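Please consult the sequence and structure shown here alongside the text.

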Amino acid sequence: MDPTVSLRLSVDRGSPVPLYYQLSQQLEAAIERGSLTPGSLLGNEIELAGRLGLSRPTVRQAIQSLVDKGLLVRRRGVGTQVVHSQVKRPLELSSLYDDLEAAGQRPATRVLGNTVEPATAEVAAALGVAEGSDVHLVERLRLAHGEPMAFLRNHLPPGPAPLETERLEATGLYRLMRAAGVTLHSARQSIGATTATQEQARQLCEEPGAALLTMRRVTYDDTGRAVEFGSHIYRASRYSFEFQLLVSR
């Protein structure tokens, strides 16, 4: 059964908002609140167009806009399928693992690298250690519902946190640090954008040149010591940052 049949979809022809956009917003809202569940298949575009009194190109445009956002996917021989809603992460001192788990996204981790290496000038400056001194480098692929979400690269100074690969794949880095007695107090963070290289596209299941979000963060403990330097990339099609702005008086 077409899951859109149970939705109360309608369009206002007197509105200046384009009809395709009205429809796409209603479908997106249904995905966000769980009325259209991940894995469900949308019905025939012709039937949906007839039910709403819209042209097929209008319905196709609405659906394509959600495909472009990563909320729907067209599968050959299957049809148009709902995928998981975009993760919206608040800008606060929390880990991606915790945020995904809180959102019901079933996080998982694949450790791609777990080594000790000499600190470069950039890493040394971020962590407040001597250039060339040993630092821990952890590289991970974070997944949600089995789908790649982000590539995480973290440098840490020698410390008490257990960084065995098995533990890193079982839980989040910040949880391991807190369990080892590290009190995470504050962070300095910057957010940017880039386009996917061939390797990044392969890791994140995107096309080369696809838009990616970047995040760099230095985290400090309650003594003011830098305890982690992260350099991460996220799929812009599946991920966004949210923050609240207050009016300055």
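## Contacts and overall composition

Of the contacts in the protein chain with a separation of 6 or more, 59% are between residues 24 or more positions apart, where contact means heavy atoms within 4.5 Å. The secondary structure of the chain comprises 8 helices and 10 strands; helices (H or I, at least four residues) and strands (E, at least two) are DSSP runs, numbered from the N terminus. Among the 249 residues, 45% are buried. Buried denotes under 20% relative accessible area, exposed over 50%, and partly exposed the range in between (1.4 Å probe, protein chains only).

The model is predicted: local features need pLDDT of at least 70, side-chain atom pairs count only at pLDDT 80 or more, and totals for chains, interfaces and linings use all residues. Residues are numbered from 1 along each chain as its sequence is written, and side-chain values use heavy atoms, with hydrogens and water left out.

## Packing of α1 against α3

Helix α1 (residues 19–33) and helix α3 have axes that come within 8 Å and cross at roughly 45 degrees. Axes are lines fitted to C-alpha atoms, for helices over the stretch in contact, and angles run from 0 to 180 degrees between N-to-C directions. The two helices α1 and α3 are therefore oblique to each other; angles under 35 degrees count as roughly parallel, over 145 as roughly antiparallel, 65 to 115 as roughly perpendicular and the rest as oblique. The crossing of α1 and α3 is right-handed, a crossing being left-handed if the near helix is turned anticlockwise from the far one by less than a right angle, and right-handed if clockwise.

On the α1 side, the contact is formed by Leu19, Tyr20, Leu23, Ser24, Leu27 and Glu28, which meet Thr58, Val59, Gln61, Ala62, Ser65 and Leu66 in α3. The residues of this contact comprise 7 nonpolar, 4 polar and 1 charged. In this classification Ala, Val, Leu, Ile, Met, Phe, Trp, Tyr, Cys and Pro count as nonpolar, Asp, Glu, Lys and Arg as charged, and the others, Gly among them, as polar. Glu28, placed in helix α1, is buried at a relative accessible area of 15%. Leaving out residues up to four places away in sequence, Glu28 touches Leu66, Lys69 and Leu71.

## Packing of α2 against α3

Helix α2 (residues 45–52) packs on helix α3 (residues 56–68) at an angle of about 115 degrees, their axes lying 9 Å apart. This makes α2 roughly perpendicular to α3. The crossing of α2 and α3 is right-handed. Glu45, Ile46, Leu48 and Ala49 in α2 meet Arg56, Val59, Arg60 and Ile63 in α3. By class, the contact of α2 with α3 contains 5 nonpolar, no polar and 3 charged residues.

## Salt bridges

Side chains of opposite charge can pair when their charged atoms come close. A salt bridge is a side-chain nitrogen of Lys or Arg within 4 Å of a carboxyl oxygen of Asp or Glu, and by this rule the count is 7. One of these links Arg235 and Glu147, at 3.1 Å from N to O. Arg235 lies in strand β9 (residues 226–235) and Glu147 in strand β6 (residues 147–156), so the pair ties together parts that are 88 residues apart in sequence. Arg235 is buried, at 7% relative accessible area.

Asp221 and Arg225 form a salt bridge with an N to O distance of 3.6 Å. Asp221 is buried, with a relative accessible area of 8%, whereas Arg225 is partly exposed at 38%. Salt bridges that share partners also join Glu147, Glu206 and Arg235 into one network. In the salt bridge of Glu199 with Arg202, the closest N and O atoms are 2.5 Å apart. These residues, Glu199 and Arg202, are 3 residues apart in helix α8 (residues 198–204), and are thus separated by about one helical turn. Glu199 is partly exposed at 40% relative accessibility, and Arg202 is exposed at 56%.

## Individual residues

Gln81 lies in strand β2 (residues 79–82) and is buried at 17% relative accessibility. Neighbours within four places in sequence aside, Gln81 is in contact with Gly39, Ser40, Leu41, Leu71, Leu72, Val73 and Arg75.

Cys205 occupies the loop between α8 and β8 (211–221). Although not a glycine, Cys205 has a positive phi of about 60 degrees. Cys205 is exposed, at 54% relative accessibility.
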